[in-house]
Amino acid sequence: MSKKDQIDQILNELRTALPELKEIIVATPDGLPVAHVGGGDVATRLAAMAATAQGLGRRIAVTTQLGNLEEIVIRGDQAYFIVYAIGDRGILGLTTPAGSNLGLVRLEAQEYAKKLAEII
Amino acid sequence: MEPLKIIVTGPVGVGKSTLIRTLSETEVVDTDAKSTQEIGKPTTTVALDHGTLRLGEHLLHLFGTPGQERFDFMWDVLSEGALGILLMVRADRPDTLSAARRILDFITSRAPAPHVVGVSHLDQPEVWQPEEIALFLNEPPERVVAFDPRDPRDAVRPLARLLELIAP
């Protein structure tokens, strides 16, 4: 199975584990889309924005002495956009509706980020 | 006196982050990520660079943008309230001048501020001269300034020209 197929498979598993997820994006650290599950033609934009959030988040974490950046949560009144690092080689971004169980989303997303890190 | 917000922009690899590192008198905020494309350097800016510089009686806040078009939402975010724009272009990469023009048009459509074009990499073997670049970009020649973003004395020249336009 190609790398891309393996990544797609993991994203589909994540989507099965958390069916409420609207978009799942895997991006390179410099903001190019690697894989996307979800509706609409948003992969390019989400990948770039995930990279920007990650880059800025890392910098804020350092400047304000938060330690290593673990996650970024952007909360709108209708949904969340959450970003995790996939090791230092990629970024995982998710959107999930307001009212989602964030604790569960965090647990699953971190686990899947680890799985992705083994492939990417 | 109010600090002046200056946008430093231009295509990828032109030296925007380098310029801000060269000039800033305060600790630079940068947001580099490892590049996965062949862009001639190992890292690329994904959000912004920020530095400050005192020039005469003015305090300049320099905001560097990402160069790649997929980050155009950051051009939008950063250009809010800008009082001046420095567009950087490479003399040895005339193929990137159209992209540079697009960035400038994008930003000036949101922040109608004066701009200057800074031309770097003139020490390379095959280059376009600043006058040729001015002609291509349809800019008055006096707004196109040759400079070396690595050299603290030289790097300040296009900003000094920009200040003449903002606060004559």
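1. The buried residues of α3(A) pack against α1 (3–17), β1 (23–27), β4 (79–86) and β5 (90–97) of chain A. Contact requires C-beta atoms, placed from the backbone, within 7 Å. Helices (H or I, at least four residues) and strands (E, at least two) are DSSP runs, numbered from the N terminus.

2. This is a predicted model, in which local features need pLDDT of at least 70 and side-chain atom pairs count only at pLDDT 80 or more, while totals for chains, interfaces and linings use all residues. Residues are numbered from 1 along each chain as its sequence is written, and chains are lettered from A and ligands numbered from 1 in the order in which they are written.

3. The buried residues of α3(A) are Val105(A), Ala109(A), Tyr112(A), Ala113(A) and Leu116(A). They lie on the same side of α3(A), because their arc around the axis is only 115°; the arc is that of the directions from the helix axis to the C-beta atoms. Gly103(A), Glu111(A), Lys114(A) and Glu118(A), on the other side of α3(A), are exposed. Buried means 20 or more other C-beta atoms within 10 Å of a residue's own, exposed means 12 or fewer, and partly exposed is in between.

4. Chain B has 6 helices and 8 strands. Their order from the N terminus is β-α-β-β-β-β-α-β-α-β-α-β-α-α. The radius of gyration of chain B is 14 Å, close to the 15 Å from the globule rule for 168 residues, so chain B is as compact as a globular protein of that length. The radius is taken over C-alpha atoms, and the rule is 2.2 Å times the number of residues to the power 0.38.

5. Of the 168 residues in chain B, 45% are buried. Among contacts in chain B between residues at least 6 apart in sequence, 68% join residues at least 24 apart.

6. Chain B holds an open sheet of 6 strands in the order β4-β5-β1-β6-β7-β8, with mixed pairing. At the edges stand β4 (49–55) and β8 (144–146) of chain B, each with a single partner strand, so one side of each has no neighbour in the sheet. Two strands pair if DSSP finds at least two bridges between them.

7. β1 (residues 4–9) and β5 (residues 58–64) of chain B pair in the parallel sense over 5 bridges. Within this pair, Val8(B) is opposite Gly64(B) in β5(B).

Conventions:
Contact = placed C-beta atoms within 7 Å.
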